[in-house]
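Visitor: I'd like to learn how to read a protein model. Could you walk me through a few features?

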Amino acid sequence: MIMSKPKKIKIQYFAILREERGVDLDELETSARTPEEVYETLKDQHGFSMSFKNLRVAINDEFESGDHELKDGDTVVFIPPVAGG
Amino acid sequence: MFFISSIPLKPEELNRSLSHPSAGALVTFEGWVRNHNEGHDVSALEYECYEKLAAKEGEKIVKEAIAKFGIIGAKSVHRVGKLEVGELAVWVGVTSKHRAEAFQAAQYIIDEIKLRVPIWKKEYYKSGDSGWVNCHRCSSHAGQSHS
């Protein structure tokens with residue numbers, strides 16, 4: 001993992017991830033560079049069942065790729081497979 | 001236009017909201033909560049959504065349909081919260097001059113909603129079990145207990 005300058009970010013959880021985490025919001029300080037790196041750390045910490053490859057990512061309410069560079073103040077959402085309709 | 005609703009949908013009002021003097025066709029699609037899925041007896045469903053992104057992505061899909069099929073108007077509403085069997089979960093309505101493009105656009109809208117809009121569905125089964133649809137297959141526990 002390539003570390004970068006620590007930044008404060010928010011993680012919002014929905015559906016299966018919200019239930020597995022037990023809360024709907026985390027505020028954390030991280031040196032992770034990308035959403036994927038953040039997810040891998042959180043997955044180890046909280047035992048999330050989903051692999052990163054099955055998730056989509058949103059940053060500040062826009063879809064972004066998993067290797068998008070995070071910046072201070074970002075709100076990140078990991079989106080499990082959707083099932084509307 | 002696309003929106004999320006936490007209260008029951010009223011199809012007749014939604015139909016009327018699309019009325020337009022040059023429209024010769026209205027095609028609607030209603031998605032209902034059914035009592036079974038993949039071999040399980042379903043007693044209720046719960047929809048959860050990431051509202052800001054769902055609204056944005058849903059709106060984008062409706063606009064794409066209007067541009068792609070040359071229809072007059074289109075609208076879709078998705079319910080969230082706990083729904084019972086038989087309840088209306090999603091409504092799509094499309095108006096156009098002639099029926100062909102209205103059918104195509106309605107199909108496009110519902111197909112894209114199912115693929116792209118961040119809405120999740122939790123099924124409650126008669127057995128007392130529950131589960132998030134489409135999520136068990138890709139978890140690391142996949143294949144252990146879903147037969």
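Guide: Let's start with burial: buried means under 20% relative accessible area, exposed over 50%, and partly exposed in between, using a 1.4 Å probe and protein chains only. This is a predicted model, where local features need pLDDT of at least 70, side-chain atom pairs count only at pLDDT 80 or more, and totals for chains, interfaces and linings use all residues. Residues are numbered from 1 along each chain as written, chains are lettered from A and ligands numbered from 1 in written order, and side-chain values use heavy atoms, leaving out hydrogens and water.

Visitor: Is G93(B) buried or exposed?

Guide: G93(B) counts as buried because its relative accessibility is 0%. You'll find G93(B) in strand β7 (residues 88–96) of chain B; strands are DSSP runs of E, at least two residues, and helices are runs of H or I, at least four, numbered from the N terminus.

Visitor: Which residues is G93(B) in contact with, leaving aside neighbours within four places in sequence?

Guide: Contact means heavy atoms within 4.5 Å. For G93(B), the partners include L18(B), V27(B) and G73(B). The C-alpha atoms of G93(B) and N15(B) are 7.0 Å apart, though 78 residues separate them along the chain.

Visitor: How many disulfides are there over all chains?

Guide: A disulfide is a pair of cysteine sulfur atoms within 2.5 Å, and the count here is zero.
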